[in-house]
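Here is a short report to read with the structure in view. Keep the model open and look up each residue as it comes.

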Amino acid sequence: MGEKLVDSGSTNKEVVKTTTRPGRSLSLAYMEERRAKGLCYFYDEVFSPTHSQTHKKLQLQVLEIDDADPTPVELEDVVIPSESDVLEPQISVNALTGVANFRTMRVTGYHKKTALHILIDNGSTHNFLDINMAKKLGSLITLMDVVNVVVTDGTKLQITSVANNFSWTLQQTTFSSDMLLISLGCSDLVLGIEWLVKLGNITWNFDKLTMEFHVQGKRHVLRGATNGDLQTTRKQHLHKTLSDGVHLVMLQLCTEEALATHVDQSLVPPSIQQLLDHFSDIFQEPTELPPSRELHDHKIPLLEGTNLVNKRPYKYAKHQKDIIDGLIQEYFKSGIIQHSSSLFASPVVLVGKKDGSWRLCVDYRELNKVTIKNKFHIPLVDDLLDELHGSHIFSKIDLRARYNQVRMATCNISKTTF
């Protein structure tokens with residue numbers, strides 16, 4: 001601490017006391033020591049993100065007075081830099097992930113004739129260029145001392161190279177700046193506060209994604225890209241779409257358990273395989289009808305005076321007809337259907353399965369309208385839960401073609417014709 005005479009431009013001079021460190025270059029060891037203690041480089045205070053706002057950059061003209069030597073001393077400028085001058089560069093998470101938010105805007109620029117996907121981001125302090133794009137464009141890359149870039153989520157990235165005087169064009173106006181090289185992935189170029197401050201007054205409409213400013217005497221209005229609705233393309237046009245250089249990507253998100261299930265689904269535990277081998281006759285593909293159980297065979301009693309149900313088939317496309325014919329042949333082979341000359345007839349419909357295959361369903365709605373319904377009391381849920389008391393092992397079974405496992409009563413077979 002010392003006494004200094006501040007000349008404010010008038011004849012009045014005031015002696016003030018200050019606790020600031022004198023303006024001098026900061027050594028690396030001194031900065032590391034202050035950073036380890038969490039202190040400001042220039043003030044004996046704990047550093048905070050708002051420190052640079054409370055201690056703004058000042059320019060003082062100092063005249064030291066020595067009583068022994070009255071010879072006047074020339075004034076010298078002492079510049080006290082703000083904390084923001086030595087802060088590490090920052091880049092937002094949006095610039096790295098490509099996820100748009102209200103602080104970003106995507107535009108298209110050019111480096112010579114190469115299109116650049118540019119992200120204007122006021123959450124980043126500097127300008128960043130994708131290192132792979134810099135190599136592709138043949139930019140002059142210069143190595144530099146390692147610089148830590150702070151991501152807004154708290155992580156740090158290291159930058160070791162810079163592209164000097166990199167130029168790009170926006171609306172026929174050329175800009176240039178030194179670009180820190182980093183792997184961006186989701187964009188080619190990120191323009192941060194370093195570029196925005198050079199534009200002067202900016203009118204930025206975040207709702208409509210427009211930015212207006214004046215550079216080199218010209219008015220510029222940038223319009224950001226919006227996320228449009230998804231568009232589908234037909235199979236016939238897919239070849240032309242691929243020829244335009246479009247890349248197709250499929251992304252599936254699943255838990256680790258689900259991933260393990262997909263990987264190990266072909267591996268059957270030995271105990272289960274032994275069970276399958278022992279009851280191999282049950283798990284074989286059916287080649288005939290189930291046995292007749294006279295008391296339990298399904299019957300279709302019709303209302304008295306009902307006319308025969310005979311509906312014309314639905315119209316299908318050629319490829320759907322081929323699918324129906326294929327399924328019919330499978331049912332003939334398994335013995336669950338047979339040829340019929342019955343006066344009854346119901347149409348069929350195709351229903352897609354989850355695995356991409358098809359299920360042949362018969363539209364029996366007209367037949368159901370004239371069928372006498374079976375009625376029985378539904379058990380109470382509490383009674384069903386009571387029956388499970390004391391059980392320890394629970395299982396389920398997915399019956400194959402479950403309706404085909406119930407034999408139709410012989411006198412009612414003609415009613416199921418399709």
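Is Glu-33 buried, partly exposed or exposed? Glu-33 has a relative accessibility of 43%, so it counts as partly exposed. Keep in mind that this is a predicted model.

## Salt bridges inside helices

Glu-33 has a charged partner. It forms a salt bridge with Lys-37, and the closest N and O atoms are 3.4 Å apart. Both residues belong to helix 1, which covers residues 28–37. They are 4 residues apart there, so about one helical turn separates them. Lys-37 is exposed, with a relative accessible area of 56%.

Look next at helix 9, residues 318–334. Here Asp-322 forms a salt bridge with Lys-318. The closest N and O atoms are 3.0 Å apart. Asp-322 is partly exposed at 41% relative accessible area. Lys-318 is exposed at 60%.

Helix 10, residues 365–369, holds another pair. Lys-369 and Glu-366 form a salt bridge. They are 3 residues apart, about one turn of the helix. Lys-369 is exposed, with a relative accessible area of 57%. Glu-366 is partly exposed, at 32%.

The table sets these pairs side by side.

| Salt bridge | Closest N and O atoms |
|---|---|
| Glu-33 with Lys-37 | 3.4 Å |
| Asp-322 with Lys-318 | 3.0 Å |
| Lys-369 with Glu-366 | 3.3 Å |

How many salt bridges does the count give? The count comes to 5.

## The whole chain

Step back now. The protein chain has 11 helices and 17 strands. It has 418 residues, and buried residues make up 24% of them. The chain exposes about 31,800 Å². Carbon and sulfur atoms supply 54% of that area.

## The nonpolar cores

The largest nonpolar core has 27 residues. Those with the most contacts inside it are Ile-118, Ile-120, Leu-129, Phe-166, Trp-168 and Trp-195.

Ser-139 is worth a look here. It lies in the loop between helix 4 and strand 9 (141–151). Is Ser-139 buried or exposed? Its relative accessible area is 17%, under the 20% cut-off, so Ser-139 is buried. Leaving out residues up to four places away in sequence, Ser-139 touches Ala-134, Ala-163 and Phe-166. Phe-166 is also one of the residues with the most contacts inside the largest core.

Strands of a sheet pair through backbone hydrogen bonds, either parallel or antiparallel. Which way do the strands pair in the sheet with the order 13-14-15? This open sheet of 3 strands has antiparallel pairing. Strand 13 (203–205) and strand 15 (218–223) stand at the edges. Each has a single partner strand, so one side of each is left without a neighbour in the sheet. Neighbouring strands are turned by 15° against each other on average, direction ignored.

Zoom in on one pairing. Strand 13 and strand 14 (residues 210–215) pair over 3 bridges. Thr-203 has Glu-212 in strand 14 as its bridge partner.

## Two loops with positive phi

Most residues other than glycine have a negative phi, and most peptide bonds are trans. Lys-112 has a positive phi, near 60°. Lys-112 lies in the loop between strand 6 and strand 7. It counts as exposed, at 74% relative accessibility.

Gln-172 also has a positive phi, near 65°. It is found in the loop between strand 10 and strand 11. With a relative accessible area of 75%, Gln-172 is exposed.

Definitions and conventions:
Residues numbered from 1 in each chain as written. Predicted model: local features only at pLDDT ≥ 70, side-chain atom pairs only at ≥ 80, totals over all residues. Heavy atoms only, no water. Pairing = 2+ DSSP bridges. Axes fitted to C-alpha atoms, helices over the stretch in contact; angles between N-to-C directions. Core = buried A, V, L, I, M, F, W, Y, C linked by side-chain atoms within 4.5 Å. Buried < 20%, exposed > 50% of the residue type's maximum accessible area, 1.4 Å probe, protein only. Areas by Shrake-Rupley, 256 points an atom, 1.4 Å probe, with all protein chains shown as cover. Salt bridge = Lys/Arg side-chain N within 4 Å of Asp/Glu carboxyl O. Contact = heavy atoms within 4.5 Å.
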